[in-house]
Amino acid sequence: MRQKRRSMTVMRSGMILLSAALFAGLVWLLWRTVPWAAVRWGILALCAAVYAVVGLWAWYQRRQVSLFADDLCAALDALMSGRQPEGYRPYEDSLTAKVQGKLLQYFDIMSEGKRQSQRDKETIQGLVSDISHQVKTPIANIRMFAGILRQHQLSPEKQAQFLATMEGQIDKLDFLMQSLIKMSRLETGTFTLHMEEARLADTVAQAMSTVWARAEAKGIALAADCDSRITVQHDPKWTAEAFGNILDNAIKYTPSGGSVSVSVRPWQFYTRVDITDTGIGIPEEHYNDVFQRFYRAPEAAAQEGVGLGLYLANGIVTRQKGYISVKSKPGQGTTFSVYLLS
């Protein structure tokens, strides 16, 4: 950098000396060739004036460039310190204001990128904490039962009971891992939606088939009302996954003898799918919470689950440009309304 500055200084000095030599040569030539003294002095004065004006103009331009560079350096120093540049006039029609405006835009973009990076870091930290919390209990249970089986002589009935409990904990871990894989694919955008114009009745039937056995075991009546002619642009596989998660949630929190129904109706620009249960209901202040990752309401703590079903359902529907709304009364049931673009 110093070498470059030294080179520029030498070049500038050389240009000044060259212009002075040319001017001196011009004056000497005019003095020798023009015969009249008055004319010679007039031409000499004119040349001196022109040279002075050119010199002043060059000095003025250099001064403007120097001030421009100082303003930019001050603006950069202020931005690097996280401050607004002093003397910034955004509506002034000048080169300095325009360049400062562009610097501010770039600074805002970089600041937003930094904030987004911090948010992503916090999200990852929260995710790791949530996963470790979810995995800790089944692993501790498996380790405890394995220790009992290894250290004690148990009857075959007790061994079978403990092994069945361990198998249940392993199933819980497998379910958690599968849910986490789906969540990871959803958040990173690595899953691919295959949108097609397909019958919604087939998608609803596929979703209901995944929860039919569980509903029958609890004595919960399942019903569906969907015109077979209704078609929408959607991904049948992932949409069935979303419906299935909502249905599973409904059956989980509906007591024995209750009912869960699915109703499909065209609705303005969307097709509306209502999934209604007669379960414990959701307080209005928790409508948004139920779609948060790993959220479990205090009254639902005794039920199995990890709090990812509705989170995944909402993510799947949202990525198909749809949305989900909730309407519920505690103790009377809940309706999740899924809106898919017609």
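Start with helices H7 and H8, which are roughly antiparallel to each other, because their axes cross at roughly 150° and angles over 145 degrees count as roughly antiparallel. This is a predicted model, in which local features need pLDDT of at least 70, side-chain atom pairs count only at pLDDT 80 or more, and totals for chains, interfaces and linings use all residues. Residues are numbered from 1 along each chain as its sequence is written, and side-chain values use heavy atoms, without hydrogens and water.

**The helix pair**

Select residues 236-252 for H7 and 309-318 for H8; their axes come within 8 Å. The axes are lines fitted to C-alpha atoms over the stretch in contact, with angles from 0 to 180 degrees between N-to-C directions. Helices are DSSP runs of H or I of at least four residues, and strands are runs of E of at least two, numbered from the N terminus. H7 passes H8 in a left-handed crossing, meaning that the near helix is turned anticlockwise from the far one by less than a right angle.

Now show the side chains. From H7, Trp238, Thr239, Glu241, Ala242, Asn245, Ile246 and Asn249 meet Gly309, Leu310, Leu312, Ala313, Ile316 and Val317 of H8, where contact means heavy atoms within 4.5 Å. The residues of this contact divide into eight nonpolar, four polar (Gly is counted here) and one charged.

**The nonpolar core**

Next, select Phe243 and Phe336, which touch the most other members of the 50-residue largest nonpolar core. Such a core is a set of buried Ala, Val, Leu, Ile, Met, Phe, Trp, Tyr and Cys residues joined through side-chain atoms within 4.5 Å. Buried means under 20% relative accessible area and exposed over 50%, with a 1.4 Å probe and protein chains only. Leaving aside neighbours within four places in sequence, the contacts of phenylalanine 336 include Ile246, Asn249 and Leu310.

**Two loops**

Go to glycine 281, in the loop between strand S5 (270-277) and H8. Glycine 281 counts as buried, because its relative accessibility is 9%. Its C-alpha atom is separated by 4.5 Å from that of glycine 333, 52 residues apart along the chain. Beyond four places in sequence, glycine 281 also touches residues including Ser328, Lys329 and Pro330.

Then pick lysine 321, in the loop between H8 and strand S6 (323-329). Lysine 321 has a positive phi of about 65° although it is not a glycine, and at 63% relative accessibility it counts as exposed.

**Zoom out**

The protein has eight helices and seven strands. Of its 342 residues, 31% count as buried.

Technical notes. Parallel < 35°, antiparallel > 145°, perpendicular 65-115°, else oblique.
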